[in-house]
Amino acid sequence: MASRSLKSQVLHAVSASFYGDMDNNIKGGFGVSKHSDKINGQKAGKIYSYNSYNNRQDVAKEFCSWMKEAHPEVKRASDLNERHSTEFLAKKSNEVSTNTLNNIRSQLKGIGEAINHTYKSAYVSLDTPVMSCTVDKNVKTVSMVESDYQKLVSSYQTPYDTGAVGAKVIYSSGLRASEVCKLKGTDITVKDSVAIVHVACGKGGRMRDVIVADQNRVETLKDISDHFGESRVCDIKPQSLEINISRHLNSIETDQEYKYNSCHAIRKEYAQDTYDQHKSEGCSSSEAWGKTCESLGHSADRQALFNTYISKA
């Protein structure tokens with residue numbers, strides 16, 4: 001199996017599950033009664049329609065291309081597992097609606113079944129938890145609780161490991177993963193007990209300064225600034241940072257599950273804390289959200305995003 005590329009192995013499994021593979025005595029679902037196969041217990045792994053076959057192939061191609069970049073060490077289709085499918089869904093959840101994400105989830109499960117159907121020695125599961133979200137809305141990530149954040153950063157060997165630094169910057173300033181990975185130590189300045197995080201090129205190419213007054217967060221940012229200086233604080237791709245943090249979260253015992261958008265879960269905690277701080281200073285809900293929204297790099301009038309970030313108004 002390993003003599004072929006991972007993508008070739010997976011696409012062959014999908015093809016064999018539809019058209020069959022006579023040389024290896026593998027029967028596909030093309031031209032076969034799905035109902036009859038179900039009654040006879042011969043349905044597992046087979047694909048019965050062109051639409052399902054084409055959809056599964058499309059997801060398989062994208063999944064394998066992502067695997068090549070994120071997990072180049074995986075060479076065999078039989079070595080794929082739920083961690084890989086969960087990480088891939090975490091990446092896709094930043095890009096697509098819940099409807100599409102649940103379709104991808106279903107196709108990944110089918111890909112795992114196709115691999116087992118084609119390669120008899122394989123026992124692969126690419127099944128992942130069902131998304132419990134409103135249809136056709138973006139996935140609503142849970143906000144990371146502080147106790148889990150502390151466990152996360154403590155799980156790294158040193159406080160300056162890439163994932164630890166990335167998590168700290170997001171928690172302390174609310175930056176997106178893509179912004180953290182461009183940030184230099186010198187982009188953070190501390191004056192009069194206030195930290196200013198300069199985002200030179202945020203989403204849409206926009207520039208902004210994030211003002212941080214919470215002293216614990218200020219101290220964290222100052223330490224990162226002093227340590228990295230002119231260097232980037234996280235010199236990796238945003239996707240790699242997401243994977244890094246997700247792996248550490250999966251390796252520790254947390255108070256709640258973070259299956260998708262680990263970086264965004266930390267960003268949401270920053271948003272909630274910032275909103276609460278503005279409210280405690282006498283701002284109305286609208287004013288507090290407007291200031292929080294600008295800090296996050298959104299337009300101040302993005303009221304539609306309120307429920308995405310704020311769980312306690």
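A contact is defined here as a pair of heavy atoms within 4.5 Å. By that criterion, residues 24 or more positions apart account for 65% of the contacts in the chain with a separation of 6 or more. The structure is a predicted model, in which local features need pLDDT of at least 70 and side-chain atom pairs count only at pLDDT 80 or more, whereas totals for chains, interfaces and linings use all residues. Residues are numbered from 1 along each chain as its sequence is written, and side-chain values use heavy atoms, with hydrogens and water left out.

The chain has 13 helices and three strands, taken as DSSP runs numbered from the N terminus (helices: H or I, at least four residues; strands: E, at least two). Along the principal axes, its C-alpha atoms fill a box of roughly 75 × 40 × 35 Å. The accessible surface of the chain is about 15,700 Å², and 46% of this belongs to carbon and sulfur atoms; areas come from the Shrake-Rupley method with a 1.4 Å probe, and for residues only the protein chains shown count as cover. Of the 313 residues in the chain, 48% are buried (buried: under 20% relative accessible area; exposed: over 50%; partly exposed: in between; 1.4 Å probe, protein chains only).

Helix H7 (residues 162-173) has twelve residues and reaches 16 Å from its first C-alpha to its last, close to the 16 Å expected at 1.5 Å a residue; the expected span is 1.5 Å times one less than the number of residues. Eleven of the twelve residues are buried, so H7 is largely enclosed by the rest of the structure. Among them are Gly163, Lys168, Tyr171 and Ser173.

Helix H10 (residues 238-251), with 14 residues, reaches 20 Å between its first and last C-alpha, close to the 20 Å expected at 1.5 Å a residue. Its buried residues are Gln239, Leu241, Glu242, Ile243, Ile245, Ser246 and Leu249. These pack against helix H3 (50-70), helix H4 (82-92), helix H6 (146-154), H7, helix H8 (177-180) and H11.

The second largest pocket has a volume of about 410 Å³. A pocket is an open set of points on a 1 Å grid over the protein atoms alone, where a 1.4 Å probe fits, with protein on both sides within 12 Å along at least five of seven lines; lining residues have an atom within 4 Å of a point. Grid points are joined across faces, edges and corners, and the volume is the space filled by probe spheres set on the points. Of the 17 lining residues of the second largest pocket, Ile211, Val212, Ala213, Thr274 and His278 are the closest to its centre. Strand S3 (208-212), H11 and helix H12 (285-296) each give two or more residues to this lining, and H11 gives the most, with five. By class, the lining has five nonpolar, five polar and seven charged residues (nonpolar: Ala, Val, Leu, Ile, Met, Phe, Trp, Tyr, Cys and Pro; charged: Asp, Glu, Lys and Arg; polar: the others, Gly among them).

Histidine 278 lies in helix H11 (residues 262-280) and counts as buried, at 16% relative accessibility. Beyond its neighbours within four places in sequence, histidine 278 is in contact with Cys283, Ala288, Lys291 and Thr292.

Serine 193 is placed in the loop between strand S1 (188-191) and strand S2 (194-199) and is partly exposed, with a relative accessible area of 43%. Not counting residues up to four places away in sequence, serine 193 touches Ala213, Gln215 and Val218. Serine 193 and alanine 213 are 20 residues apart in sequence and 7.0 Å apart in space, C-alpha to C-alpha.
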